[in-house]
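Subject: A structure for you to explore

Hello! Here is the structure I promised to pass on to you. Have a look at it first, and then read my notes below.

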Amino acid sequence: NSHDHAKATADYLLSNETAREGLLKSIREDFPLQALLSGEESMALGDLSADKGTLKAIFGTDDFSEIQQNLTIVGDSIVYKVKGTGEEIPISTIASRPDGIGYGTNWKLEMKLHPDLAKKLEEQRDKGK
């Protein structure tokens, strides 16, 4: 039953316009992309790096407000739509799960690096070699 409820929760968050806008607002406010683009932080993902220079090369900008305005959800992914070209860069997958199977009503959203962004990070890494 918990697994069915987790799927129904994710479906609702991604299909209901009001819930979807709230989710996007939360992602825009809390997603660490801003700290990465400002150079405040960098993120090592195995042998990949998500740092200011790498992300600027991928997104075509390091202006977080521009990126923030172009984040959307497509299917079960957070996607950045490149202004001008319309290219879509999936950033993260979204999954919903209960806070432990059968442990009440708390739910968590899990965001994981999207394989397409990992591939773009690899391409940038390989360009630097």
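**What I found**

Lys120 has a relative accessible area of 23%, so it is partly exposed. Before we go further, please keep in mind that this is a predicted model.

Let's stay with Lys120 for a moment. Its side chain forms a salt bridge with Glu87, and the closest N and O atoms are 3.2 Å apart. Lys120 belongs to helix 6 (residues 115–127), while Glu87 sits in the loop between strand 4 and strand 5 (88–98), so this pair ties together parts that are 33 residues apart in sequence. Glu87 is partly exposed as well, at a relative accessible area of 35%.

How many salt bridges are there? The count comes to five. Another of them joins the side chains of Lys81 and Glu88, with 3.4 Å from N to O. Is Lys81 buried or partly exposed? With 34% relative accessibility, Lys81 counts as partly exposed. Glu88 is also partly exposed, with a relative accessible area of 40%.

A further salt bridge links Asp126 and Arg125, whose closest N and O atoms are 3.1 Å apart. Asp126 is partly exposed at 41% relative accessibility, and Arg125 is partly exposed with a relative accessible area of 24%. Which residues belong to the network here? Salt bridges with shared partners join Asp47, Arg125 and Asp126 into one network.

Now for the aromatic rings. A pair of this kind is described by two things, the distance of the ring centres and the angle of the planes. In this model the count comes to one aromatic pair. The ring centres of Phe59 and Tyr80 are 5.0 Å apart and their planes stand at 80°, so the pair is edge-to-face; the cut-off for that label is an angle over 60 degrees. Where do the two partners lie? Phe59 is in helix 4 (residues 52–59) and Tyr80 is in strand 4 (residues 77–81), so the pair ties together parts that are 21 residues apart in sequence. Phe59 is buried, at 3% relative accessibility. Tyr80 is buried too, with a relative accessible area of 0%.

Tyr80 also turns up in the surroundings of Thr61. Leaving out residues up to four places away in sequence, Thr61 touches Leu37, Leu55, Lys56, Glu66, Ile67 and Tyr80. You will find Thr61 in the loop between helix 4 and helix 5 (64–69). Is Thr61 buried or exposed? It has a relative accessible area of 10%, so Thr61 is buried.

Thr72 has its place in strand 3 (residues 71–74), and at 18% relative accessibility it counts as buried, because the cut-off for buried is under 20%. Which residues does Thr72 contact, once neighbours within four places in sequence are left aside? They are Arg20, Leu24, Ser77, Ile78, Val79 and Lys81.

Enjoy exploring, and write back with any questions!

Best wishes

Technical notes
Residues are numbered from 1 along each chain as its sequence is written. This is a predicted model: local features need pLDDT of at least 70, side-chain atom pairs count only at pLDDT 80 or more; totals for chains, interfaces and linings use all residues. Side-chain values use heavy atoms; hydrogens and water are left out. Rings of Phe, Tyr and Trp (its six-membered ring) pair if their centres lie within 6.5 Å; planes under 30 degrees apart count as stacked, over 60 as edge-to-face and the rest as tilted. Helices (H or I, at least four residues) and strands (E, at least two) are DSSP runs, numbered from the N terminus. Buried means under 20% relative accessible area, exposed over 50%, partly exposed in between (1.4 Å probe, protein chains only). Contact means heavy atoms within 4.5 Å. A salt bridge is a side-chain nitrogen of Lys or Arg within 4 Å of a carboxyl oxygen of Asp or Glu.
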